[in-house]
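Subject: Handing over the model

Hi,

Here is the structure I promised to pass on. Have a look at it first, and then read my notes below.

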Amino acid sequence: MSDLRYERPSSLKDAVAVLGAAAGGARLVAGGTDLMVASHYGRMNAQVLVNIKHIPELNVLGPTADGGLEIGAALPVYRLYETPQIVKTYAALAEGAFNIGSVQIRNRATVGGNLCNASACMDTGPGLLVLDAELKIFGTNGYRMLPLKNFFKGYKSFDLAPDEVLVSVVLPKPPADLRSGFEKLKRTKGHDLALVNAAASYVPSTGVLKAAVGACSAIPLRLPELNVAGKSVADVEAIFVENALANICPISDVRSCSEYRRDMTALFCQRLVARLLGSGK
Ligand SMILES: Cc1cc2nc3c(=O)[nH]c(=O)nc-3n(C[C@H](O)[C@H](O)[C@H](O)COP(=O)(O)OP(=O)(O)OC[C@H]3O[C@@H](n4cnc5c(N)ncnc54)[C@H](O)[C@@H]3O)c2cc1C
């Protein structure tokens, strides 16, 4: 820890220059709620710590030119559920963010840190997956866009080079009748990581139903999307549950056994179908 250098570059370009010069020995820090825990347990493994929380491009929150929404990677997650447009239009994301840790954690933790910590039980991942989020990434070679569904590669592994920064999350223009929601189960009623979480989105005019499940495989898992146009709610529920159980592969660990995770995934699928298709809410 004593050899650790701290940098606070004032621009995105300078941040990437520091990352490039460190040749893999630097770690970005935003809210620090994951990184400081890793540091405490001797798992940070870095010579340079690069603070990016103040960089303007990482703090945007506003419409895109084509009617979508851009969310800066360094925005604290409370901003997601305190922004009326997100609550109304992208409910699965607002509900996921509201379920992260405690008030203190949500004031500090960022959406970019949540995605780049790459925990399978992250609470923003499932909502962003069913809302077709894309990631804006900046590195030595400039900007690139990447669909979130292609970002996660395996346990704690994701598509971001050592000299790249996640700048923002971009949500596409929502269909006028988009509905979405999020469910989470934890061991205690207070703050705890999910033993299962799940999100779904549904567009009645097209019949397209999307789902993602967390904590039931090595990554937050986007399930194959379904077209349920013309089907009864009972049929949709059965197909939706079958689709989820055929794709997840939960393990048993300190939070839950695998069987309970499967049962809770099925329950969340039923609840999400009831919420999004059943009552029309
Ligand atoms: C008590 C407690 C309770 C928690 N409860 C929950 C919970 O219920 N649900 C949940 O999902 N999480 C929970 N967490 C985990 C954590 O708060 C979140 O993952 C948080 O969103 C991380 O954001 P951060 O800004 O603090 O990340 P940091 O700790 O700053 O960074 C995390 C990782 O992401 C990298 N990183 C950060 N920003 C970027 C970027 N823009 N580009 C590239 N890489 C980046 C860092 O290098 C680091 O590897 C909890 C943590 C604690 C300590």
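To start with a term you'll need: two residues are in contact if their C-beta atoms, placed from the backbone, lie within 7 Å. Leaving out neighbours within four places in sequence, L93 is in contact with L80, I86, T124, G127, L128 and L131.

Two notes on the ground rules. This is a predicted model, in which local features need pLDDT of at least 70 and side-chain atom pairs count only at pLDDT 80 or more, while totals for chains, interfaces and linings use all residues. Residues are numbered from 1 along each chain as its sequence is written.

**The core**

L93 also turns up in the largest nonpolar core, which has 79 residues. Such a core is a set of buried Ala, Val, Leu, Ile, Met, Phe, Trp, Tyr and Cys residues joined through C-beta atoms within 7 Å. By "buried" I mean that 20 or more other C-beta atoms lie within 10 Å of the residue's own; "exposed" means 12 or fewer, and "partly exposed" is in between, with C-beta atoms placed from the backbone. The residues with the most contacts inside the core are I52, L93, A198, A200, A211, A212 and V213. Helix 10 (residues 258-278) gives the most to this core, with seven residues. Helices (H or I, at least four residues) and strands (E, at least two) are DSSP runs, numbered from the N terminus.

**Around the ligand**

How many residues surround the ligand? There are 32, and the closest are G31, G101, A109, G113 and N114. A residue counts as near if its C-beta atom, placed from the backbone, lies within 6 Å of the molecule. The elements that give two or more residues to this shell are strand 2 (26-29), helix 2 (35-40), helix 6 (103-108), helix 7 (111-117) and strand 10 (165-171). Helix 7 gives the most, with five residues. By class, the shell has 18 nonpolar, 10 polar and four charged residues. Here Ala, Val, Leu, Ile, Met, Phe, Trp, Tyr, Cys and Pro count as nonpolar, Asp, Glu, Lys and Arg as charged, and the others, Gly among them, as polar.

**Strands 2 and 3**

Strand 2 pairs with strand 3 (residues 48-51) in the parallel sense, over four bridges. Two strands pair if DSSP finds at least two bridges between them. The chain goes from strand 2 through helix 2 to strand 3, and this β-α-β crossover is right-handed: with the strands pointing away from the viewer, the path from the first strand over the helix to the second runs clockwise.

V48 lies in strand 3, and A26 stands opposite V48. V48 also touches R5, E7, V18, A22 and G25, as well as A26, not counting residues up to four places away in sequence. V48 is partly exposed, because 17 other C-beta atoms lie within 10 Å. V48 and L28 are 20 residues apart in sequence and 8.5 Å apart in space, C-alpha to C-alpha.

**Strand 13 and its partners**

Is strand 13 (residues 208-214) largely enclosed or open? Six of its seven residues are buried, so strand 13 is largely enclosed by the rest of the structure. Seven bridges join it to strand 12 (residues 196-203), and the two run antiparallel; A199 has A212 as its bridge partner. These two strands form a hairpin with four residues between them, and G207 in the turn has a positive phi of about 80°.

Strand 13 also pairs with strand 14 (residues 221-222) in the antiparallel sense, over two bridges, with V213 opposite L221. In that hairpin, which has six residues between the strands, A215 takes a positive phi near 70°. Strand 15 (residues 226-227) is another antiparallel partner of strand 13, again over two bridges, and there L226 is the bridge partner of L209.

**A few loop residues**

M122 is in the loop between helix 7 and helix 8 (125-130). M122 is buried, since 26 other C-beta atoms lie within 10 Å. Beyond its neighbours within four places in sequence, M122 is in contact with N114, L115, N117, G214 and P220.

A118 lies in the loop between helix 7 and helix 8 too, and is buried, with 21 other C-beta atoms within 10 Å. A118 has a positive phi of about 55° although it is not a glycine. K156, also not a glycine, has a positive phi of about 55°. K156 sits between strand 8 (152-154) and strand 9 (157-158) and is exposed, with 12 other C-beta atoms within 10 Å.

Best wishes
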